[in-house]
Amino acid sequence: METFCDACNRQIDWHSSSTISGMSRLNLLLPASTITAGNTFEDMHDITVGCKLAIPSKTEFNDVADSYIHYGIRTLYNEVNKELLDKIRDEQQADEGSKLTIAIDTRYSTPGHSARFAITSAMDVKTKKILSS
């Protein structure tokens, strides 16, 4: 918010929070906390409408989520998953007689019997760790 101070004869810029790369910190934290809590924009929107609070638009919310939150989650998942797969590979090479047992689960997200949209996860039965999702 910009305002002018008559007493000191200067313009004052006021923000409700600090900025990160030119973006309000709250505009980053709202999508981050919403998504990591397992909620969606619609869930947050319903709450804020009832409280008469202004929040970023759905487009801005999703842009921030895609650019920062989802990117961070994917990056961390890939790093942890690579470490896990490297560890399993090393254990397999060290113990040539051991077997890797994998359980696979596939879920279909479309109505009916279409396999058009499917999510498949693979788990190491011994460690109960997700290998791929």
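Visitor: Leaving aside its neighbours within four places in sequence, which residues is Thr48 in contact with?
Guide: Thr48 is in contact with Leu53 and Ile55, once neighbours within four places in sequence are set aside. Contact means heavy atoms within 4.5 Å.

Visitor: What sort of model is this?
Guide: This is a predicted model, in which local features need pLDDT of at least 70 and side-chain atom pairs count only at pLDDT 80 or more, while totals for chains, interfaces and linings use all residues. Residues are numbered from 1 along each chain as its sequence is written, and side-chain values use heavy atoms, with hydrogens and water left out.

Visitor: Back to Thr48: where is its place?
Guide: Thr48 lies in helix 2, which covers residues 41–51. Helices (H or I, at least four residues) and strands (E, at least two) are DSSP runs, numbered from the N terminus.

Visitor: And why does Thr48 count as buried?
Guide: Thr48 counts as buried because its relative accessibility is 5%. Buried means under 20% relative accessible area, with a 1.4 Å probe and protein chains only.

Visitor: How many aromatic pairs does a search of the whole structure find?
Guide: The search finds one aromatic pair. Its members are Phe41 and Phe61, placed edge-to-face with 5.3 Å from centre to centre and 65° between the planes. Rings of Phe, Tyr and Trp (its six-membered ring) pair if their centres lie within 6.5 Å, and planes over 60 degrees apart count as edge-to-face.

Visitor: Now the strands: in what order do the three strands of the open sheet stand?
Guide: The order is 5-6-7, with antiparallel pairing. Strand 5 (102–108) and strand 7 (129–132) are the edge strands, and each pairs on one side only. Two strands pair if DSSP finds at least two bridges between them. On average, neighbouring strands of this sheet are turned by 35° against each other, direction ignored.

Visitor: How many bridges join strand 5 to strand 6?
Guide: Seven bridges join these antiparallel strands, and Ile104 has Ala122 in strand 6 as its bridge partner. Strand 6 (residues 118–124) pairs with strand 7 over three bridges, where Ala122 stands opposite Ser132. Helix 3 (residues 58–94) packs on the sheet, touching strand 6 and strand 7, and its direction makes about 100° with that of strand 7.

Visitor: What about strand 1 and strand 2?
Guide: Strand 1 and strand 2 form a hairpin with four residues between them, and Asn9 in the turn has a positive phi of about 55°. Strand 1 (residues 2–5) and strand 2 (residues 10–13) pair in the antiparallel sense over four bridges. The bridge partner of Glu2 is Asp13 in strand 2.

Note on methods: Axes are lines fitted to C-alpha atoms, for helices over the stretch in contact, and angles run from 0 to 180 degrees between N-to-C directions. Buried means under 20% relative accessible area, exposed over 50%, partly exposed in between (1.4 Å probe, protein chains only). Rings of Phe, Tyr and Trp (its six-membered ring) pair if their centres lie within 6.5 Å; planes under 30 degrees apart count as stacked, over 60 as edge-to-face and the rest as tilted.
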